[in-house]
Amino acid sequence: MNRVLQHILDAVTDGAADYSYPDQDNRMEAQVIPQARRDEERRLWESMLPARIAGVALDAGCGRGAFTGLLADRADAVLAVDADQTRVAVARAQHQDRAAFRVRSLMDPVFSSEKLRGAFACVSCIQVLGHVPLNGAAIILSAFHHLLQPDGLLILAVPFVNHFSEEHRLVRTSEAQPFGHPITPQRYDALALTPEAGVLPVRHFTAASLTALVEKAGFSAERMEPCNWYSERRADMMVQAHRRPT
Ligand SMILES: C[S@@+](CC[C@H](N)C(=O)[O-])C[C@H]1O[C@@H](n2cnc3c(N)ncnc32)[C@H](O)[C@@H]1O
């Protein structure tokens, strides 16, 4: 096994299995993100990554492994992490000899521990930050800054609204549509902190809010590009950023 990956795995054991992603049977995701959208997202993602990543890559919030194999095609080794053990089990069954897997929240202090400083060459975090508590996005981005080597690459994708202010929405997974109903930031936060089956909280970032968050965490955002336009105002936004030295 890759020596750096072994060191990472020694530091990150499986955590408590106390989080369940609200789209438990993947029904909403399967219907609103059909293959054509996934293909568009994948093409954009591929255009933001180098063909070779020298070092270990982190698939942060790997879900059912949609990007795990793609990362493994490029990196020396991959650690795929998700807070939901059922989704990690699906990803592991699909890619088991190509990546290592851990059940852990990205907000866990282990990802800011000294042992893991600079351990990764690349972090890919696709469609996770729009479902975590409001302060969680900043906590996770600052952990990524800690985890990445000095010139490390960060790729992010989040829900995006082309507006002046962010929106918080609730999607009932049985309704199979991507942007649901408006809710207050407080309700979003409560649902993200204590997930309910079938009720997915979604934070839609603006270009300004996303840039500010990424820059504040110590990254330089070089490229931001939308994909998957769901309406004339709503899309997914992908960001390519590099870690700035501290
Ligand atoms: C919309 S899915 C995206 C999954 C995958 N990245 C993809 O593109 O298919 C969001 C994922 O984030 C995970 N997640 C949510 N909060 C998390 C946290 N605090 N730490 C780790 N994973 C988290 C969920 O369990 C879920 O698998």
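Visitor: How many bridges join β4 to β5, and do they run parallel or antiparallel?
Guide: This is a predicted model, in which local features need pLDDT of at least 70 and side-chain atom pairs count only at pLDDT 80 or more, while totals for chains, interfaces and linings use all residues. Residues are numbered from 1 along each chain as its sequence is written. Strands here are DSSP runs of E with at least two residues, helices are runs of H or I with at least four, both numbered from the N terminus, and two strands pair if DSSP finds at least two bridges between them. For β4 and β5 the direction is parallel, and the number of bridges is six.

Visitor: Which residue of β5 is the bridge partner of S124?
Guide: S124 stands in β4, opposite D59, and three bridges join β4 (residues 120–126) to the parallel strand β1 (residues 53–60). In β5, the partner of S124 is I155.

Visitor: In what order do the seven strands form the open sheet?
Guide: The edge strands, each pairing on one side only, are β3 (100–103) and β9 (219–227). The pairing is mixed, and the order is β3-β2-β1-β4-β5-β10-β9.

Visitor: What angle does the direction of helix α8 make with that of β9?
Guide: Helix α8 (residues 207–216) packs on the sheet, touching β5, β9 and β10, where contact means C-beta atoms, placed from the backbone, within 7 Å. Axes are lines fitted to C-alpha atoms, for helices over the stretch in contact, and angles run from 0 to 180 degrees between N-to-C directions. On that scale the angle is about 150°.

Visitor: Why is β5 described as largely enclosed by the rest of the structure?
Guide: A residue is buried if 20 or more other C-beta atoms lie within 10 Å of its own, exposed if 12 or fewer, and partly exposed in between, with C-beta atoms placed from the backbone. β5 is largely enclosed because the buried residues number 11 of 14.

Visitor: Is A93 buried or exposed?
Guide: A93 is found in helix α5, and its C-alpha atom is separated by 9.4 Å from that of G65, 28 residues apart along the chain. Because A93 has 11 C-beta neighbours inside 10 Å, it counts as exposed.

Visitor: How far apart are the end C-alpha atoms of helix α6?
Guide: The expected span of a helix is 1.5 Å times one less than its number of residues. The 12 residues of α6 (residues 136–147) should therefore span 16 Å, and this agrees with the separation of the end C-alpha atoms, 16 Å.

How values were computed:
Contact = placed C-beta atoms within 7 Å.
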